[in-house]
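These are my notes on the side-chain packing of one chain. I began with the aromatic rings and then turned to the nonpolar cores.

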Amino acid sequence: VQLQASGGGLVQAGDSLRLSCAASGVTVTDRDVTMAWFRQAPGKEREFVAARRGRDSSVVYTDAVKGRFAISRDSAKNTVNLQMNSLKPEDTAVYFCAAGRRLITSSMGRDQAYNYWGQGTLVTVSS
C-alpha cells in the first residue's frame with residue numbers, strides 16, 4: 001500500500017486549500033477501509049483531523065475543524081481529499097493521510113488504528 005499526499009502550500013488566513021491523497025494497493029471506497037487525515041504542527045504531537053469509513057460512510061472530525069474542513073473520496077481516481085476552508089494560522093502543520101482496515105467508530109481518531117501512512121504535505125497559513 002502506498003499513499004501519496006499533495007496539495008499543501010502557503011496561504012493566508014481565511015483562504016481555502018484542497019489536499020489530495022492518491023492511494024495504491026488499497027481501494028479508498030472499500031467497505032473495510034477507513035481513510036483519514038492527521039496533522040502535526042511544529043513542536044507538537046500528531047493529531048487527528050478527519051476520517052471517513054467505507055462500510056457506512058461514517059465521517060468524524062476533530063472539533064477544531066468542524067464546519068470548515070470536509071473529507072471526501074473520489075472512486076474514479078482512488079483518492080481521498082480534504083477540503084479546507086476558512087483556514088487559520090493554527091491549522092499550520094504537515095498533513096498526513098492514513099488508511100486502516102475494519103476500524104470501529106471509537107478508533108477512527110486514533111493513529112494507532114491506521115496501518116498505512118503517506119509522507120505528508122506541508123500547509124502553512126499566514127496571519
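Which residues do ring pairs link into a cluster? I found Phe38, Phe48, Tyr114 and Trp117 joined in this way. I note that the model is predicted.

**Aromatic pairs.** My search of the whole structure returned four aromatic pairs. I looked up Phe38 with Phe48 and found an edge-to-face pair, 5.5 Å centre to centre with 70° between the planes. Phe38 lies in strand β4 and Phe48 in strand β5, so this pair ties together parts 10 residues apart in sequence. I recorded both Phe38 and Phe48 as buried. Phe38 also forms an edge-to-face pair with Tyr114, at 5.4 Å centre to centre and 75° between the planes. Here strand β4 is linked to the loop between β9 and β10, across 76 residues. Tyr114 is buried, as is Phe38.

**Charge over a ring.** I then checked Trp117 and found the charged end of Arg46 over its ring, 3.8 Å from the centre.

**Nonpolar cores.** I listed 28 residues in the largest nonpolar core; those touching the most other members are Leu3, Trp37, Val49, Phe69, Leu82, Met84 and Tyr95. Among the elements giving two or more residues to this core are β1, β4, β5 and β9. A second, separate core has eight residues, including Ala36, Phe48, Ala51 and Ala98.

**Thr34.** I placed Thr34 in strand β4 and noted it as buried, with a relative accessible area of 0%. Beyond its neighbours within four places in sequence, Thr34 has contacts that include Ala51, Ala98, Met108 and Tyr114.

Methods: Residues numbered from 1 in each chain as written. Predicted model: local features only at pLDDT ≥ 70, side-chain atom pairs only at ≥ 80, totals over all residues. Heavy atoms only, no water. Helix = DSSP H or I, 4+ residues; strand = E, 2+ residues; numbered from the N terminus. Buried < 20%, exposed > 50% of the residue type's maximum accessible area, 1.4 Å probe, protein only. Contact = heavy atoms within 4.5 Å. Core = buried A, V, L, I, M, F, W, Y, C linked by side-chain atoms within 4.5 Å. Phe/Tyr/Trp six-rings, centres within 6.5 Å; stacked < 30°, edge-to-face > 60°. Lys NZ or Arg CZ within 6 Å of the ring centre and 35° of its normal.
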